[in-house]
Amino acid sequence: MKLSRQFTVFGSAIFCVVIFSLYLMLDRGHFDHPKSPRREGTFPKGQLSILQEKIDHLERLLAENNEIISNIRDSVINLSESVKDGQRNPEAINFSQGSLFELLPSASVLLAVDSEDCLFASKSRSQVSGVQMLDVYDILPFDNPDGGVWKQGFDITYNENEWDSEPLQVFVVPHSHNDPGWLKTFEDYFRDQTQHILNNMVIKLQEDNRRKFMWSEISYLSKWWDGIDSQKKDAVKRLIKDGQFEIVTGGWVMPDEASPHYFALIDQLIEGHQWLERNLGVKPKSGWAVDPFGHSPTMAYLLKRAGFSNMLIQRVHYSVKKHFATQKILEFFWRQNWDLGSSTDILCHMMPFYSYDVPHTCGPDPKICCQFDFKRLPGGRVSCPWRVPPEAIHAGNVQHRAWMILDQYRKKSKLFRTKVLLAPLGDDFRYAESSEWDQQYQNYQKLFDYMNSHPELHVKAQFGTLSDYFEALRKESNLGEKSSNSFFPVLSGDFFTYADRDHHYWSGYFTSRPFYKRLDRVLESYLRAAEIFYSLALVQSSKSDKMSIFPSVDHYKLLTEARRNLGLFQHHDAITGTSKDWVVVDYGTRLFHSLMNLKKVIIDSAHILILKDKDTYNYDASTPFLKMDDVQSSQDSLPHKMVIKLTSQPRYLLIYNPVEQERFSVVSVNVNSPRVKLLSPLGKPVTVQISAVWDGATTVSHEAYQISFLAHLPPLGLGVYQLLEVQSSETDLADYTIYMSGRNNMQVKPDRIFKIKEMQNSVDNIILENSYMKLWFSGMSGLLEPYIFTDPPTIRVTHGRIFSEVVCFFPHVTHTMRLYKVQGLESQSLEVSNVVDIRGEYNRELAMRISSDINSQNRFYTDLNGYQIQPRLTMSKLPLQANIYPMTTIAYIQDVGVRLTLHSAQSLGVASLKNGQLEVIMDRRLMQDDNRGLGQGVQDNKITANIFRLLLERRHGTDVNEEKSSVSFPSLLSHITSAFINHPVIPMTTYADSGVPEMLNTFSPLMSSMPCDMHIVNLRTIQSKVDFEPSDEAALILHRKGFDCRFSDRDVGLFCSTTQGKIKVHKLFNKFSVASLTPTSLSLMHSPPDARNISEIIMSSMEINTFRIRLR
């Protein structure tokens, strides 16, 4: 969807780094720098090298120090474990300093990073691969001359006798592209089309064993499978065994590759592969992605890790396709930008023409290819737009028709390096009627028979599957499984932003329907949290008869349904926001139902894990032990907080930390009284800020009060706090200043509890600060710079002990900037949230622009799927809409001295249109169709909440040349900030006011924080042989993140170290022992031949590994 040129730019936040208008206290006073505010870039070279030596020496000392500390820590943990339960429980020892934390002197704490772990990022920067997409973009003129019959290409010629010595091998590959939702819902498509396609497939393939067919969407296959008899099932298995029917990719859907997070990409792959293993015993080996709107190397990496050897892609910018065709590099080994060797290489075929339909797949001339799409024979429902219809093949025309199509095959093969040719034969929802199977298969078979019986044509043509093609290709190019890859070029980079013709860039969908892109991320966080807690609760429940009433089977069904609903939403017309309005509602309803079900799973799992005396366990579905603190009333509304009713009896507040790091996080809940006391898990009073709950911009509601406090939580664990009402409380009340323009007639009523000051909008600054930074806001606009509005907004400023914030009420957006005032990670970045509402607008897009004096030189960086960073270049030779790229979780700009990172809790489109700028497109509204088949605009906008964090970091030890590198990494602080924003803590309260059984103070399933660069992607219980029942095994998926060390490592608020990617298995879990841990491929399809129980996990940077784990 084309981007409207007209931006409604509402935000402009200028960070004057040079004059430090944003105090970077990160480094203040910690370096013996000259006291002038010069950047490090101005140091004389000699001083720099001395400084570097000192830093290296410090790092070595640190590493030794770190080892000693971790040994001491292990001894302490082992000691504390041996202390009898009758005394203090081990968590209490680990977490004893919790309530004192705020009051601790902020002595400098250095981050313990092993210097070996810093090498990866620096080595990756010097990588060179054959074809680098950044260079391709640099050299292409992006002109669009008329190429003749192949509009976007060129005339292809060949010499008649080129095939004399070696004939052309043609594989015609029949396929049917089934969207799980687009113009109809998943269910409607299945009822009207898909079930008939699959039913006919079983009949028609059995009629002739030379016929082939392939399928990729398991969401549809599984639904069909559930409704067919065993005779049909046996026939399908036979067709697969005989190589007539192939499953390609085998994910739940064919996912979009721009907006999904890698968690969801892996999850839908596992869901599909697990289904295939259980029902068909089949392991796909080739990837097929003909319809996603641009392609990400993350997908290539995941397929490679799942054990795939080959993949195919289609929607790539027409200029890139043409360039690749001229260079004969349409087939290549796709390698990750950061790969230091060739272990990530996967053979990739790029389709050369405009579309995956029949007119654009047999050869360069669609007018001719269309005549070989026999569904378009005269009298049918579809015809050829080029006005020359197909002719049925018979003895009288077979010679001429065979020549016509062979000419196309030969021309197409001239774009490739071998004499093996792929000719797909299919389109959306094809092969639904029995007659179409006959039309295509019978007519093509006549053409093949003619060609194959005339040796002078030097061609061997047949039906094939995708893997038939790749096997022949590998044989032809002498690619043994182990031999060198030199025949095909190596390529690194990505294929965004896609244009199918002219200036029609598909960048609007990076933002479209942002409400659901946000809901998707929330569901992912809840699914991961539920999977991990359920897996632990399942082990716990097997430890005694009393606990066996835990509803493990019911909850496993809910988990399976949630995996499938999330998987369905990764489809390239779902998360992209490119379906019909009612289809969007169908997806949204599925996400919403699963969200509610996952909350149930988390609550019931937390119940069994937090009880002190497990014998008191009792499960009653009608009265749950706990309830969540937030509630969402419908699929398209924003969540709101429940009000917790206080009494003089303590009310328990359980807080779940779904991150694998020990965590200090500010938690806010709503209570019914301002006279509140909060006790920590150890029973000590905790500092609380009480803020007003507002009804609109200027009215205080006394129905509820928000309390905010710093919670200290174990990794992947629970902390149990107590809330009670007291007569006189020593809490800190927030106070307020409201700025209004003279024209505004609203009056602020004085309040009986909160101090509220009313002021005119003024040129004076509003200042917020904490120990890391100082912020100046304009008193006119409320934004981070003097920005002139003709009609200034109402601005509400909060000053409090735990946080301060500035809220601006603009016509289409409520913009909030919050600064936390606690020690630790959350105070190092600024929390930005926008509640966007453009429902009254007409063909508008709303963007937030961040401006700075960073000399970014038209370069910026965006992540791909939350997995890796891809450098971007804003190019003046491209139109505005081409310079917008997808951001899943992170985007940044930098120069030699600083990096400014925008962390995001939802996927959106981003750009950097001018030096030092970042703009994020937050919502868009289009009143007309864009002629790509949807038949409508996007007018179902919702009130949408977008959440960000803005992090400014000082860089050191960088040089100008590396800015041209094709690889970049976030800092550790950045990685963990991203984990915190995407996996917020989950507060729960006890359902009953009284009579609550005794609970542990904390539940701490890990021995300690994971290493800083290790992320637990999932701990996902594997299904047993019986449908929808859990087995005693789980998939433990780990990701070791790549990071850049050249940032301050002092006082960053991280409580972890790095360990060169090594983890001792027996030191992983606390309270659970690992019965077995064996490596497996990413989606559990393949076990290495020497798979055995391992005692130490060793991972390289950027690696994602899956293990089968049994806990007891």
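Tutor: Buried means under 20% relative accessible area. Keep that cut-off in mind. The model here is predicted.

Student: What are C362 and C369 called by that rule, buried or exposed?

Tutor: Both C362 and C369 are buried.

Student: What makes C362 and C369 a disulfide?

Tutor: Two cysteine sulfur atoms within 2.5 Å count as a disulfide. The sulfurs of C362 and C369 are 2.0 Å apart. That value is within the cut-off, so the pair is a disulfide.

Student: Why is the disulfide of C362 and C369 called left-handed?

Tutor: Look at the torsion about its S-S bond. It is about -90 degrees, so the link is left-handed.

Student: How do you know that C1012 and C1056 are bonded?

Tutor: By the sulfur distance again. It is 2.1 Å for C1012 and C1056, and the limit is 2.5 Å. The torsion about this S-S bond is 110 degrees, and the link is right-handed.

Student: What does the pair C1012 and C1056 tie together?

Tutor: C1012 sits in the loop between strand 42 (1002-1003) and strand 43 (1014-1023). C1056 sits in the loop between strand 44 and strand 45. The pair therefore joins parts 44 residues apart in sequence.

Student: Why is C1012 called buried?

Tutor: Its relative accessible area is 4%. Buried means under 20%, so C1012 qualifies. C1056 has 9% and also counts as buried.

Student: How far apart in sequence are the parts that C118 and C1045 tie together?

Tutor: First the bond: the sulfurs of C118 and C1045 are 2.0 Å apart, and the two form a disulfide. With -85 degrees about the S-S bond, this link is left-handed. C118 lies in the loop between helix 2 (90-94) and helix 3 (119-124), and C1045 in the loop between strand 44 (1030-1040) and strand 45 (1062-1064). The parts they tie together are therefore 927 residues apart in sequence.

Student: How many disulfides are there, and in what pattern?

Tutor: The count is 4. Counting bonded cysteines along the chain, the pattern is 1-7, 2-3, 4-5, 6-8.

Student: Why are helix 15 and helix 17 called roughly parallel?

Tutor: Helix 15 (residues 514-541) and helix 17 (residues 581-610) pack at an angle of about 30 degrees. Angles under 35 degrees count as roughly parallel. The two helices are therefore roughly parallel. Their axes are 8 Å apart, and the crossing is left-handed.

Student: Which kinds of residue make up the contact of helix 15 with helix 17?

Tutor: There are 21 nonpolar, 5 polar and 1 charged.

Note on methods
Residues numbered from 1 in each chain as written. Predicted model: local features only at pLDDT ≥ 70, side-chain atom pairs only at ≥ 80, totals over all residues. Heavy atoms only, no water. Axes fitted to C-alpha atoms, helices over the stretch in contact; angles between N-to-C directions. Helix = DSSP H or I, 4+ residues; strand = E, 2+ residues; numbered from the N terminus. Parallel < 35°, antiparallel > 145°, perpendicular 65-115°, else oblique. Left-handed = near helix turned anticlockwise from the far one by under 90°. Nonpolar A, V, L, I, M, F, W, Y, C, P; charged D, E, K, R; others polar. Buried < 20%, exposed > 50% of the residue type's maximum accessible area, 1.4 Å probe, protein only.
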